[in-house]
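Subject: Structure handover

Hi,

Here is the structure you asked about. Please open it alongside this note; my findings follow below.

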Amino acid sequence: MKKMISRISKIFIPAVISLFFFASMASAHVTVMPKTSSTGAWETYTLKVPVEKDVATTKVTVKAPAGVEIMSYQPVPGWTYSSEKDASGKVKTFTFEATGEGIQSGQFQQFVFVAKNPEKAAKVAWDAFQYYKDGSIVEWTGAEGSDSPHSITDIVTATTTDHHGSEKAEHNDKTQTKETEKTKSEMTEKKAETSNSLSLVLSGLAVLLSLAALIIAIRKK
């Protein structure tokens with residue numbers, strides 16, 4: 001019985017260790033979130049960079065997917081940002097590089113940036129290159145299921161509500177502005193009418209007073 005338990009332990013324990021090892025390796029991929037976004041949207045993306053080695057990560061470079069426009073980024077203390085642009089001024093690649101020790105073993109770092117999604121539905125791939133302090137580079141450019149897959153975002157067609165939401169809000173603002181301007185105009189006209197009526201009344205009173213004074217003057221004579 002003891003020999004059987006010993007044999008099972010020798011097979012089972014390494015298998016469990018291997019399972020946890022590969023699971024941790026799978027979770028150590030460089031990823032870009034969210035995994036789903038809408039066409040034409042200005043999306044806030046989060047680049048998550050974990051460290052799967054015993055040395056620090058000092059730099060990460062990401063290639064902008066076709067149709068995706070990188071608009072801005074959130075500064076991270078201890079890191080610099082740089083980008084490479086094409087002839088039209090659009091970002092081709094962008095890089096976060098550590099000014100200090102970088103991301104240590106067992107740690108991860110998040111980098112936030114804003115990008116404009118393509119107008120057509122597509123699956124966009126974020127090719128990333130992770131640089132370690134020892135000079136090694138891990139290229140996260142493989143297909144799904146590979147040892148070093150790139151992160152993928154599914155760009156889906158925006159709903160009518162999403163697509164026209166901003167236009168509707170803008171239309172409502174314009175309508176409200178027009179109504180406000182119309183109300184102000186009506187109030188101004190009413191004030192003008194009131195002012196004109198008052199002027200006419202005062203003018204009439206002035207004429208009557210002048211006539212009364214003239215009649216009194218004639219009678220005295």
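Pro34 sits in the loop between strand 1 and strand 2 (36-38). Helices (H or I, at least four residues) and strands (E, at least two) are DSSP runs, numbered from the N terminus. The peptide bond leading from Met33 into Pro34 is cis, with omega near 5°. For context, most peptide bonds are trans, and most residues other than glycine have a negative phi.

Two notes on the source. This is a predicted model, in which local features need pLDDT of at least 70 and side-chain atom pairs count only at pLDDT 80 or more, while totals for chains, interfaces and linings use all residues. Residues are numbered from 1 along each chain as its sequence is written, and side-chain values use heavy atoms, with hydrogens and water left out.

Four strands form it, in the order 1-3-8-5, and the pairing is antiparallel. Two strands count as paired if DSSP finds at least two bridges between them. Strand 1 (31-33) and strand 5 (69-73) are the edge strands, as each pairs on one side only. From one strand to the next, the twist averages 35° (axes are lines fitted to C-alpha atoms, and angles run from 0 to 180 degrees between N-to-C directions). Three bridges link strand 1 to strand 3 (residues 42-50), in the antiparallel sense. Thr31 faces Lys48 in strand 3.

Next, strand 7 (residues 91-98). Six of its eight residues are buried (under 20% relative accessible area, with a 1.4 Å probe and protein chains only). Strand 7 runs antiparallel to strand 4 (residues 57-63), and five bridges join the two. Lys63 lies opposite Thr93 in strand 7. Strand 7 also pairs with strand 6 (residues 79-85), again antiparallel, over seven bridges. Tyr81 has Phe96 as its bridge partner there. The hairpin of strand 6 and strand 7 has five residues between the strands, and Gly89 in this hairpin takes a positive phi near 95°.

Finally, the whole protein. It has two helices and 11 strands. Along the sequence, the pattern is α-β-β-β-β-β-β-β-β-β-β-β-α. Of the 221 residues, 24% are buried. Among contacts (heavy atoms within 4.5 Å) with a separation of 6 or more, 67% are between residues 24 or more positions apart. The accessible surface (Shrake-Rupley method, 1.4 Å probe) is about 15,400 Å², and carbon and sulfur atoms account for 59% of that surface.

Best wishes

Key:
Buried means under 20% relative accessible area, exposed over 50%, partly exposed in between (1.4 Å probe, protein chains only).
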